[in-house]
Each structure stands twice: as C-alpha cells, then as structure tokens.
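This report goes through one chain and its two ligands, part by part. The sequence and the model come first.

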Amino acid sequence: METDKCSQCRLCQQYCMVARAGGESITTILSGDSETGAWNCSNCWKCVEICPEDIDVYEVMMEKRRQEPAPVRYKRAFDSVCRIGYVYPVDEVNTFREMWGLEPIRLVDPKVVRKLLGRPWAGDEE
Ligand code: SF4
Ligand code: SF4
C-alpha cells in the first residue's frame with residue numbers, strides 16, 4: 001500500500017486544519033496517533049500537496065471510507081441532498097429573501113441532483 005512510503009514526518013498533520021483544530025483526521029492516522037478519523041475532512045487537499053513522499057493522502061482516506069460505514073450525520077446529510085438538493089433546508093431561502101425585498105435566486109432542482117447521484121425517486125421522470 002502507498003502508505004508504506006510514509007516517513008512519519010507529520011507534515012500532513014501539521015497542515016491539516018482538522019488535526020490543528022484538535023480533531024482526528026486521516027493525517028493523524030498516518031502519523032500513528034489515531035485509528036479513526038477517515039470521515040473528518042474538509043477536502044482542502046493540503047495533505048496531498050505537502051507530503052514529501054508523494055503519498056496521495058486523500059485517496060488513502062477515500063479507500064478507508066469505502067471500508068467503513070459512514071457516520072449517522074453523513075447519512076442524514078446525504079438523505080437531505082437527495083430530498084431537497086442541499087444538506088441544509090435552503091429550499092426556504094427564497095421565502096426569506098422575499099421578506100427582505102430581495103430577488104429570488106435560482107436553486108438547484110433536487111430532481112437534477114438525484115439524477116446526478118443516480119438516486120431517482122418515484123415521480124422524478126414525470
Ligand atoms: S484534505 Fe482532509 S485530511 Fe487532508 S489536510 Fe485537508 S482536511 Fe486534513
Ligand atoms: S506528510 Fe506524508 S510522509 Fe509525512 S506523515 Fe504525512 S503521509 Fe507520512
């Protein structure tokens with residue numbers, strides 16, 4: 001595995017914003033400090049840029065994610081994206097914009113999101 005090349009220099013951990021905030025991330029796993037954290041990531045790719053051994057730390061994390069179940073909060077977020085197109089209920093945003101006299105913005109159609117994710121719902125093709 002690519003991680004065999006890891007020299008434990010800890011540069012990835014030093015630059016990882018999740019690790020710097022005290023959280024466990026893939027960078028703490030690679031530096032031998034944790035067995036968890038493959039789902040804690042801001043997708044900044046700094047670990048990939050900084051690694052002197054050219055280890056694709058992000059891909060290592062994605063591989064680990066494929067082997068582990070996602071935390072409940074991720075499942076909730078994914079369900080929300082399939083339902084309304086967003087993680088948070090921004091489908092109500094235009095109601096608030098109208099209250100403030102602002103023009104409506106064009107929100108992403110959740111049907112399009114579901115199509116891109118390959119998760120069609122009953123009635124999507126109507
Ligand atoms: S991509 Fe994720 S693991 Fe890598 S430095 Fe950024 S937050 Fe940390
Ligand atoms: S920067 Fe690269 S070599 Fe250094 S600890 Fe992280 S993965 Fe290992």
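Thr95 is part of helix α7, which covers residues 93-99. The model is a predicted one, and in it Thr95 counts as exposed because 9 C-beta neighbours fall inside 10 Å, where the limit for exposed is 12 or fewer. Thr95 and Leu117 are 22 residues apart in sequence, and their C-alpha atoms are 27 Å apart in space.

Gly101 sits in the loop that joins α7 to α8 (110-117). Gly101 is exposed, since 6 other C-beta atoms lie within 10 Å.

## Confidence and domains

The average pLDDT of the chain is 87, and 95% of the residues score at least 70. Of the chain's elements, α4 has the highest mean pLDDT, 93, while α3 has the lowest, 81.

The domain assignment divides the chain into domain 1 (2-67) and domain 2 (72-117). Taken over C-alpha atoms, the centres of domain 1 and domain 2 are separated by 31 Å.

## Surroundings of ligand 1

Which residues are closest to ligand 1? They are Cys16, Cys41, Cys44, Lys46 and Cys47, out of 16 residues that surround this ligand. By type, the shell around ligand 1 holds eleven nonpolar residues, four polar and one charged.

Four helices each supply at least two residues of the shell around ligand 1: α2 (17-20), α3 (26-30), α4 (46-50) and α5 (57-67). Two of these helices mark the ends of the confidence range given above, α3 with the lowest mean pLDDT among the elements and α4 with the highest.

## Surroundings of ligand 2

Ligand 2 is surrounded by 14 residues, and the closest are Cys6, Cys9, Leu11, Cys12 and Cys51. The shell around ligand 2 is made up of nine nonpolar residues, three polar and two charged.

## The largest nonpolar core

In soluble globular proteins, nonpolar side chains tend to be buried together. The largest nonpolar core here has 14 residues, of which Cys12, Ile26, Val57 and Met61 touch the most other members. Helices α3 and α5 are the elements that give two or more residues to this core.

Cys12, one of these core residues, is also among the residues closest to ligand 2. Met61 is in contact with Ile26, Ala38 and Cys41, leaving aside its neighbours within four places in sequence. Of these contacts, Cys41 is listed among the residues closest to ligand 1.

Most residues other than glycine have a negative phi. Gln8 has a phi near 60°, a positive value in a residue other than glycine. Gln8 lies in the segment before α1 (11-15). Is Gln8 buried or exposed? Gln8 is exposed, because 9 other C-beta atoms lie within 10 Å.

Asn43 likewise is not a glycine and has a positive phi, of about 60°. Asn43 is placed in the loop between α3 and α4. Asn43 counts as exposed, because it has 7 C-beta neighbours inside 10 Å.

## Ser31

Ser31 is found in the loop between α3 and α4, the loop that also holds Asn43.

Leaving aside neighbours within four places in sequence, the contacts of Ser31 are Gln8, Arg10 and Gln13. One of these, Gln8, is the residue with a positive phi in the segment before α1. Ser31 and Lys115 are 84 residues apart along the chain, and their C-alpha atoms are separated by 39 Å.

Methods
Residues are numbered from 1 along each chain as its sequence is written. Chains are lettered from A and ligands numbered from 1 in the order in which they are written. This is a predicted model: local features need pLDDT of at least 70, side-chain atom pairs count only at pLDDT 80 or more; totals for chains, interfaces and linings use all residues. A residue is near a molecule or strand if its C-beta atom, placed from the backbone, lies within 6 Å of it. Ala, Val, Leu, Ile, Met, Phe, Trp, Tyr, Cys and Pro count as nonpolar, Asp, Glu, Lys and Arg as charged, and the others, Gly among them, as polar. A nonpolar core is a set of buried Ala, Val, Leu, Ile, Met, Phe, Trp, Tyr and Cys residues joined through C-beta atoms within 7 Å. A residue is buried if 20 or more other C-beta atoms lie within 10 Å of its own, exposed if 12 or fewer, and partly exposed in between; C-beta atoms are placed from the backbone. Two residues are in contact if their C-beta atoms, placed from the backbone, lie within 7 Å. Domain bounds come from an automatic or database domain assignment. pLDDT is the predictor's confidence in each residue, from 0 to 100.
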